[in-house]
Amino acid sequence: MNRLNVSALLEGMVVSEPVICPSTNEVLLGQGTKLTDFRIKGIRKRGIKVVSVVDRFTLSVDPIDSIRKELKKLLLDEITRLAPDIVEGNTSNRMADVSRRVRKIAQRITTNDKILEFCAEMKIIDNDFLYKHSVATCVMSLLVEGAMDLKESEIYNVGIAGLLHDVGLRETPYLLNGKKRNKQEESAWGQHPTYGYYITREVGMGEDITNMILSHHENWNGSGYPNGLEGKDIPLGARIISVCENYDRLIRLEKYPHHQAIEFLYGGGNYYFDAKVTCVFTENLSVYPLGSLVRLSTGEVGVVVNVRKNLGPRPIVRIYYNRVNRPLAQPKDIDLGRERTVFINEVLK
């Protein structure tokens, strides 16, 4: 921090302590304010002689701005990965348009400081799972809702709810250790949708968003929590978030092979999940993006070269390495739409 004579102030400097008017005790400029020529003239006019500014070699940054930049990049990168801005990389021509539409909505989400404050809390509590899981759930929910041709306002709301669906876990961060929960811990875990509902409601989030957060663990057959809702009584956005967050949790936390996570979604259709939502998810998102390096259930390794031929997560894979990791003299293509007993076990990131 430097205390400078007003005559030495330059446009672009950042105030490190509030600037107080000597005659009224009014705060003229708050800490962190960037100086402009207009503001410097105003300071002089008030008769202020000295101002404290941040040393020009010291970074002056708001953590919310830092989260904003990071979140924007994470959201856009993940949208582009699952629904590229090129028709060849999508399951249909329409999904390239959905991708462009959803990217604009994602950028709108990052302009809301209250959402960013919640993201900062989740990142601090558990960056390895909770924060990254929340971002992934947000992106997949945006894309599924976009693929269902819903209104922009509805897509925006489901994106926020997907991002904040687990924010209630800030009240019980000890439950994020990945260990098997005892009866008491399981009961506490079951409260996190309710915590999330009240936390987001208190800051003025809309009823649509708070109800999706409250209902994201409700099951199609009525076996979920906290209210045992059933079928279409569960908000559509919550049904979408349920499919997306379960898929990400299975592969990210429980380390399921990708094909088993997909099979879990199929098997849970009209039991745990809305089967129509599951079909939209599996038929429209490139869960194995074009160009991904993947390992098959045979042990062979190759690259996804076509996601358009077959509906669902059954792309064509060009094999370059055999099951003992030796390069093939001549690559070969395996169409997983035909080879129904062969699956993608792992995406090699």
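Trainee: Why are α10 and α11 called roughly antiparallel to each other?

Mentor: This is a predicted model, where local features need pLDDT of at least 70, side-chain atom pairs count only at pLDDT 80 or more, and totals for chains, interfaces and linings use all residues. Residues are numbered from 1 along each chain as its sequence is written, and side-chain values use heavy atoms, leaving out hydrogens and water. Now, α10 (residues 236–252) and α11 (residues 258–267) pack at about 150°, with axes 9 Å apart. Angles over 145 degrees count as roughly antiparallel, so α10 and α11 get that label.

Trainee: Which residues of α10 and α11 meet?

Mentor: Contact means heavy atoms within 4.5 Å. On the α10 side they include Val-243 and Tyr-247, and on the α11 side Ile-262 and Phe-264. By class, that contact has 8 nonpolar, 2 polar and no charged residues; Asp, Glu, Lys and Arg count as charged, Ala, Val, Leu, Ile, Met, Phe, Trp, Tyr, Cys and Pro as nonpolar, and the others, Gly among them, as polar.

Trainee: Which residues of α10 meet α12?

Mentor: Among them are Leu-236, Arg-239 and Val-243, with Val-277, Thr-278 and Phe-281 on the α12 side. By class, this contact has 7 nonpolar, 1 polar and 1 charged residues.

Note on methods
Axes fitted to C-alpha atoms, helices over the stretch in contact; angles between N-to-C directions. Helix = DSSP H or I, 4+ residues; strand = E, 2+ residues; numbered from the N terminus. Parallel < 35°, antiparallel > 145°, perpendicular 65-115°, else oblique.
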